[in-house]
Amino acid sequence: MDIPVQLVKPGMARSKPADESKLGFGIYPSNHMFLLDYQTGLGWHSPRIVPFGPFLMNPAAMVLHYGQEVFDGHKAYRGPKGEVVLFRPKDNLKRLSRSAERLCIPPFPEDLVYQGMIKLIQVDRDWTPSSPGTSLYVRPTIIATEPHLGVRPAEELLLYIILCPVGAYYPEGFAPVSILVEESYVRAAPGGVGEAKTSANYAASLKAQVEAHDKGYTQVLWLDAVERRFVEEVGTMNIVFKFKDELVTPPLGGTILPGITRDSVLTMARDMGIKVSERPVTIGEVVDKAKSGELEEVFGVGTAAVISPVGRLGYRGQDLTIRGGEAGPLAQELFQKLTDLQSGRGPDPYGWREVVA
Ligand SMILES: *Cc1c(COP(=O)(O)O)cnc(C)c1O
């Protein structure tokens, strides 16, 4: 299908901030966006690329009241020859489809949305920064726009994609973070929406995050909602533990977001000859192994930071210091390998890169 492009008027076009050290995260949208409408009876229709700008929305739009929304996020990188490269974009669209299914959002045409995404990146290719660690963040989102105050799945929706250049996550080096084991609040319960990337999960997490911040921690480590024993994940990252001869991460049981970075890191670790286990891990096991010296590394894995070493773990008023608060060698090696692959500086044995512009 042809996707019409309405370019921003000459003179109205903004340019990417010149100082790539001050990009932050999601502050400077590019000049265009992709839109696709849905109406019951018509299906998904009218794909188009238009100048970036605010939506006019009915105050009764269902997304504003009942949160029928899903999103995803991945990055485009500037390769060594100036090309723009996406990392596993189709896996993100598949996950967006699975999230949509959970939220009763009608299935969207993945191929068409993929084409729209590529075309949008081509139109705004100059917005892809090139300094080490920077990237162009791609944010597809679906919202229920139908004005209706009864609770049911909406019959009018909007799928859109916006792009923002984002800064390096580690401008001053690969710095470990501190996380607090959360015992009062829970993120997701069995049968809930924990495995969907949907706004409700993030709204529900804010209070714990604010309280952890006030206590001096960067993020929280969520435990399972039923027994409050099993480790689940961090704010927007999955969590990985390196015990002596085993790399362990909680299994995807419905309450955890199936991270693409998680999958990439596990695949690479297996190919490095490391024993990888997706198995339940209790906070008790983590604490015991920290005390016995078997806990060698802890790191978060997610698109934003790629790999985020954990230097300090707060639990019941005590702090476990991991590796003296320094990043571990496995986290370093995986970070290097994966970021080299993503940016086109290293080999891509898995076919995860897609040159798009
Ligand atoms: C997005 C996200 C992740 C990581 O997924 P990636 O595909 O690796 O970016 C993990 N947990 C939560 C809650 C998330 O929202």
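A salt bridge here is a side-chain nitrogen of Lys or Arg within 4 Å of a carboxyl oxygen of Asp or Glu. Keep that rule in mind. This is a predicted model, where local features need pLDDT of at least 70, side-chain atom pairs count only at pLDDT 80 or more, and totals for chains, interfaces and linings use all residues. Residues are numbered from 1 along each chain as its sequence is written, and side-chain values use heavy atoms, with hydrogens and water left out.

How many salt bridges does the rule give? The count comes to 24. Let me take three of them.

First example. Arg88 pairs with Asp263, and their closest N and O atoms are 2.9 Å apart. Arg88 sits in the loop between strand S5 (84-87) and helix H2 (89-102), and Asp263 sits in helix H5 (residues 260-271), so this pair ties together parts 175 residues apart in sequence. Helices (H or I, at least four residues) and strands (E, at least two) are DSSP runs, numbered from the N terminus. Arg88 counts as buried, at 10% relative accessibility. Asp263 is partly exposed, at 33%. The cut-offs: buried is under 20% relative accessible area, exposed is over 50%, and partly exposed is in between (1.4 Å probe, protein chains only).

Next pair. Glu183 bridges to Arg316, again with closest N and O atoms 2.9 Å apart. Glu183 is in the loop between strand S8 (177-181) and helix H4 (199-214). Arg316 is in the loop between strand S15 (306-315) and strand S16 (318-321). They are 133 residues apart. Glu183 is partly exposed, at 30%. Arg316 is exposed, at 60%.

Now a local one. Lys289 and Glu285 form a salt bridge, closest N and O atoms 2.8 Å apart. Why about one helical turn between them? Because they are four residues apart in helix H6 (residues 283-292). Lys289 is buried at 19%, and Glu285 is buried at 18%.

Last, a residue without a bridge. Asp224 lies in the loop between strand S9 (219-223) and strand S10 (231-234). Is Asp224 buried or exposed? Buried, yet with no salt bridge. The nearest side chain of opposite charge, Arg229, is 6.2 Å away. For charge, Lys and Arg count as positive, Asp and Glu as negative; His and the chain ends are not counted. What lies by the Asp224 side chain? The backbone nitrogen of Glu227 is 2.7 Å from one of its polar atoms. The backbone nitrogen of Arg229 is 2.9 Å from a polar atom of that Asp224 side chain.

Note on methods. Polar contact = N/O pair within 3.5 Å; in protein donor to acceptor, adjacent residues only side chain to side chain.
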